[in-house]
Amino acid sequence: MAPTFDDGSSLFNFVVRDGYGVKGLVDLGVSKVPERYVQPPQERIEKSNLSKLGGPCHEQVVGEIVHAAQTLGFFQVINHGVPLELLESLKEAAYDFFGQEAEKKAVYKKGTSPSPFVKYGTSFAPEKEKALEWKDYVSMVYTNDEDANKYWPQHCKEVSLEYLRTSVDMVQKLLNVLITDLGVTLENSEIVDNLIGTKMVNMNFYPACPNPDLTVGVGRHSDMGTLTVLLQDGIGGLYVKVEDDMNSAKNGQWIAIPPISGALVINIGDTLQILSNGKYKSAEHRVRTTSDQSRVSIPIFTIPKSTQKIGPLPQVVEKDGVARYKEMAFQDYMNNFFGNAHEGKKSLDFAKI
């Protein structure tokens, strides 16, 4: 039977002074996190059970999603509807693609790729960056199934397409929750459809790094789109910044988003921050490298079509009394975003009034 550690000092002595650490607690068979480890609510990473939307716990789950969107801009979801075996197949496909010889991957480089919607590259904006990011990627923009089957890389097209298909319903549910909480009545799906008019699957590869303290996998940035769905592997390395106005002891600090088996990470993008007039926070995040082993991540970026106008929703501006962002074509925002190296949330300055 595992000890209860009712006395806080005895737990501290066991873990710290006696050197058993957290591993020692687990080896003893602790069945729940000891009180000394329980973080205050504002410091925890939200994990929402999407299967409870529409059920008796609907309002609780809605509250969790909205709170996360208003604060950290990151949360994790379980029971999301994407088959768990598909998530494992995605990670295997990513390793298969990046494990190929360089010349086979180079077929998809900009300028030589058989499709302008498929691109293999490295870093983010190498021509603009003073220091490169320790990451390779392949990006696949979805236009239709026919083009995807014809042009997407053989190693990953089937699982990537299925990942996209099975994630769309989840994204729509989340946006329905978030838009409705802004006081906007969704009489039809036009608002949501416009926000996710373009979808893109990326596979990111972070090779093991000999000096991880000297570089980054991805520099600090926020995503330009609406919502990002991210599959992490079990290694981790994703960090999000706590904004300075969050009334938290960790203001301005970076906290880890630990991998949870079977979960998907959701993060708020700049478009949703603009749309909500700042109520929802796009998440500034970055990725560390590791010296021990390579890792992969597979995000789906949902963004408006390039011709779509983005700006604060009129209902939100009426309630707030002021618009904090201007209206613009999403293409203009996208050009600014890709025209610069990663630099935190500086891209949002382009949209501010």
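This passage looks at helix H7 and the two helices that pack against it, H4 and H3. The structure is a predicted model.

Helix H7 runs over residues 157–181. After the helix comes Gly-183, which has a positive phi, near 90 degrees.

One partner of H7 is helix H4, made of residues 84–98. The two axes come within 9 Å and cross at roughly 140 degrees. Angles over 145 degrees would count as roughly antiparallel, so this pair is described as oblique instead. The crossing of H4 past H7 is left-handed. On the H4 side, the residues that touch are Leu-86, Leu-87, Ser-89, Leu-90 and Ala-93, and on the H7 side they are Val-159, Ser-160, Glu-162, Tyr-163 and Thr-166. Sorted by class, this contact has 6 nonpolar, 3 polar and 1 charged residues.

The other partner is helix H3, residues 58–70. Here the axes lie 10 Å apart and the packing angle is about 75 degrees. An angle from 65 to 115 degrees counts as roughly perpendicular, and H3 and H7 are therefore placed in that group. H3 brings Val-62, Ile-65, Val-66, Ala-69 and Gln-70 to the contact, while H7 brings Leu-174, Val-177, Leu-178 and Asp-181. By class, that makes 7 nonpolar, 1 polar and 1 charged residues.

Note on methods
Residues numbered from 1 in each chain as written. Predicted model: local features only at pLDDT ≥ 70, side-chain atom pairs only at ≥ 80, totals over all residues. Heavy atoms only, no water. Axes fitted to C-alpha atoms, helices over the stretch in contact; angles between N-to-C directions. Helix = DSSP H or I, 4+ residues; strand = E, 2+ residues; numbered from the N terminus. Parallel < 35°, antiparallel > 145°, perpendicular 65-115°, else oblique. Left-handed = near helix turned anticlockwise from the far one by under 90°. Contact = heavy atoms within 4.5 Å. Nonpolar A, V, L, I, M, F, W, Y, C, P; charged D, E, K, R; others polar.
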